[in-house]
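Welcome, and please get your viewer ready. This tour goes from one selection to the next and says what you will find at each stop.

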Amino acid sequence: MTESDALQSALGSDKFDVYTGNANPELARNICRYLGIDLGHADVFEFSNENIFVKIIDNAREKDVFLIQPTSRPVNKSIMELLIMIDAFKRASAGRITAVVPYYGYGRSDKKDQPRVPITARLIADLITVAGANRLLTVDLHQGQIQGFFNIPVDELTAVHLLSGHFRQKQIENLVVVTDLGFAKRARAFAQLLEAPLAIVEKRRIGNQDRTEVLNVIGDVRGKRAIIVDDEIDTGGTLIQIVNALEREGVTEMYACATHAVLSGPAAERIAESALREVVVTDSIPIPPEKRGGKVKVISLAPLIAEAIVRIHRGQSVGALFTSEVHVTQEMLLWDVDNDSGRPAGGGNGQSPAGAGPQTALETTTSEVPEES
């Protein structure tokens, strides 16, 4: 059987398998719960000599496999787990392997901005491809150019609609959206969804030690309520500098949101002691309870990733989730991650659980999906 025949066999049925490494198993379980399927069984652990061992327990031959593994803390171990699991599935004769990487580590190393430095984001892309992945599914890359580092198809989702939907429900008046130049394009979409103006913060990075300096706030923010939006919060240093700059400019109330909550070093303490009223993030990276505090609100990416998985498996449009079928994405806020009887959807067998609510993307036939990329 040729590689093309194997892929056709894997996609011939409406069944697929979802597996996870140790980086974010809770997210993988929530994805499977939303889909109404069981999480695949695999042993993934580290020997005393720090070598990683992987064994796929289930039969993966000719299966359409989705492997959930953000490359988050511990970053290098998570990357190695991902690569070794991909290799294990390849040698188990999986029909197609999709690496689902909600958070793409080393994303900041996406260009040669100093003499004699690597482009590590490209190196990671090469490693994933050579390991045997047929496709990548990710969320809010640090820069869109990272998609071009891959020689396999890449589907990049965005949490902008989920995050903006949360603030839309709050009905905050006299609002302005604030971001830096690197996130300006997606922040503009965020602002449009909230029907709010956009202000830009000019900043510069100092050295290689996660230090930045806020130079200027471009836009009218005085007397307004501000939402600071970015792709990730790492140490929180830049976020707090923006908060201080906005306070000097006369902003009356501040919120923040980001897709990826790295929250390294003193980030949690900085957020707790800041003037921010709320910080909204997703579960692309697991957040330990001690780093959540009273200000941090977590929105699950499980419904969004689950919908994308089904569309990829069925050969349907993923882009439609953010265009012609954006209502499906906006309604994902209604899904209760803590409630087993929450908003269910059709699983890998294409059948919706009894009592399911309105038609979702998982229940849409191929003919109803617009031909978009």
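**First stop: helix α9**

Buried here means under 20% relative accessible area, exposed means over 50%, and partly exposed lies in between (1.4 Å probe, protein chains only). Helices (H or I, at least four residues) and strands (E, at least two) are DSSP runs, numbered from the N terminus.

Before moving on, please note that this is a predicted model, in which local features need pLDDT of at least 70 and side-chain atom pairs count only at pLDDT 80 or more, while totals for chains, interfaces and linings use all residues. Residues are numbered from 1 along each chain as its sequence is written, and side-chain values use heavy atoms, with hydrogens and water left out.

Back to α9, which covers residues 302–314. From first C-alpha to last it reaches 18 Å, close to the 18 Å expected at 1.5 Å a residue; the expected span is 1.5 Å times one less than the number of residues. Colour its buried residues, among them E307, R311 and H313. Then step on to G315, which follows α9 and has a positive phi, near 75°.

**Zoom out**

Now show the whole protein, with its 10 helices and 14 strands. Of its 373 residues, 52% are buried. Among contacts (heavy atoms within 4.5 Å) with a separation of 6 or more, 66% are between residues 24 or more positions apart.

**Two helices side by side**

Select α3 (residues 75–91) and α4: their axes come within 8 Å and cross at roughly 20°. That makes α3 roughly parallel to α4, a label for angles under 35 degrees, with over 145 roughly antiparallel, 65 to 115 roughly perpendicular and the rest oblique. Axes are lines fitted to C-alpha atoms, for helices over the stretch in contact, and angles run from 0 to 180 degrees between N-to-C directions.

Show side chains where the two meet: I79, L82, L83, I86, D87 and K90 in α3, and I124, L127, I128, V130 and A131 in α4. By class, this contact has nine nonpolar, no polar and two charged residues. Nonpolar covers Ala, Val, Leu, Ile, Met, Phe, Trp, Tyr, Cys and Pro; charged covers Asp, Glu, Lys and Arg; the others, Gly among them, are polar.

**Aromatic pairs**

The structure holds nine aromatic pairs. Rings of Phe, Tyr and Trp (its six-membered ring) pair if their centres lie within 6.5 Å; planes under 30 degrees apart count as stacked, over 60 as edge-to-face and the rest as tilted.

Pick Y104 and F150, whose ring centres are 6.0 Å apart with planes at 65°, so the pair is edge-to-face. Y104 lies in the loop between β5 (96–101) and α4 (120–131), and F150 in the loop between β6 (135–139) and β7 (154–157), so the pair ties together parts 46 residues apart in sequence. Both Y104 and F150 are buried.

F167 and F190 are both buried. For a cluster linked by ring pairs, select F45, F47 and F53.

**Backbone stops**

Which peptide bond joins R73 and P74? A cis one, with omega about -10°; P74 is in the loop between β4 (64–68) and α3.

Finish at E195, in the loop between α6 and β9 (198–206). E195 has a positive phi of about 55° although it is not a glycine, and at 76% relative accessibility E195 counts as exposed.
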